[in-house]
Amino acid sequence: MTLAEDNGPERGGDDLLAAEYVLGVLPADERQIASRRIDAETGFARLVDDWEVSFSPLAAAYLEIEPPASVKAAIDRRLFASTATVATPAESRGGVWSSLAFWRGLAAAAVAALAIYVAVPILNPPVEQPQARLVASLAAEGSDVKYLAVYDAAHHEVGLSHVSGERAAGKDFELWMIEGKNPPVSMGVIPAGATAHIVVSPAAQQKLAQGAVLAVSLEPAGGSPTGQPTGPVVAAGDLKSI
């Protein structure tokens with residue numbers, strides 16, 4: 001099997017299913033099934049809890065965002081400046097709440113405020129940000145090697161969680177990026193351990209952000225000597241937005 005051929009790995013194992021549930025990448029029907037299993041199966045619920053703890057550091061990179069203060073300030077100025085007029089004797093007798101002029105002024109101010117609210121994003125469009133997180137379940141039929149990969153566009157790195165499967169003695173796992181029919185591009189040897197981080201080169205960042213395929217091959221210690229995969233593909237998967 002080549003890297004280009006292995007674009008549709010099957011999911012396998014409750015541990016991987018629990019991780020995908022926590023990441024929110026399961027199709028709607030599979031997510032409903034997983035939700036029911038959480039309620040009914042203590043073991044599966046424990047797996048979900050474990051993955052929530054493992055992935056909790058990802059949330060630390062997200063900051064709370066508030067609407068621009070200038071919008072509310074502009075609305076306040078329009079509303080209260082328009083209504084702060086001197087009342088006529090008739091308005092004084094009837095009270096401001098029964099004043100037709102007051103309500104007309106308030107309506108005009110509301111329309112103006114709405115125009116400001118709509119215009120602010122047009123005049124000051126938000127800067128387009130790259131996709132914050134992309135995730136892939138890496139697995140392959142006939143292989144017990146499974147990884148979860150998360151591409152962090154903000155920090156330009158791929159985080160890998162080793163779910164199952166061991167490398168053979170004297171061998172290393174190497175991570176590859178596949179873009180369409182182009183030859184695989186090495187992203188580096190995957191360090192041993194439960195988690196690993198691989199820095200993404202500037203040339204690969206845009207391609208990953210568009211949702212490339214990630215694959216893992218088994219290579220000699222230190223990685224492929226040729227710059228192309230020399231061993232079997234043991235896991236692969238498409239990057240998808242969270």
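In the predicted model, Met177 lies in strand S4, which spans residues 171-178. Met177 has a relative accessible area of 3% and is therefore buried, the cut-off being under 20%. The C-alpha atoms of Met177 and Val216 are 9.0 Å apart in space, while 39 residues separate Met177 from Val216 in sequence.

Five strands form an open sheet, in the order S6-S3-S2-S1-S9, and their pairing is antiparallel. The edges of the sheet are strand S6 (195-199) and strand S9 (240-241), each of which pairs on one side only. Within the sheet, strand S1 (residues 133-138) and strand S2 (residues 146-152) run antiparallel and are joined by 6 bridges. In this pair, Ser137 is placed opposite Leu148 of S2.

Two helices are described here in relation to the sheet. Helix H1, formed by residues 14-23, packs on the sheet and touches S1, S2 and strand S3 (157-164). The direction of H1 makes an angle of about 20° with that of S2. Helix H7, formed by residues 202-209, also packs on the sheet, where S1, S2 and S3 are touched by this helix. For H7, the angle between the helix direction and that of S2 is about 105°.

Technical notes: Residues numbered from 1 in each chain as written. Predicted model: local features only at pLDDT ≥ 70, side-chain atom pairs only at ≥ 80, totals over all residues. Heavy atoms only, no water. Pairing = 2+ DSSP bridges. Helix = DSSP H or I, 4+ residues; strand = E, 2+ residues; numbered from the N terminus. Contact = heavy atoms within 4.5 Å. Axes fitted to C-alpha atoms, helices over the stretch in contact; angles between N-to-C directions. Buried < 20%, exposed > 50% of the residue type's maximum accessible area, 1.4 Å probe, protein only.
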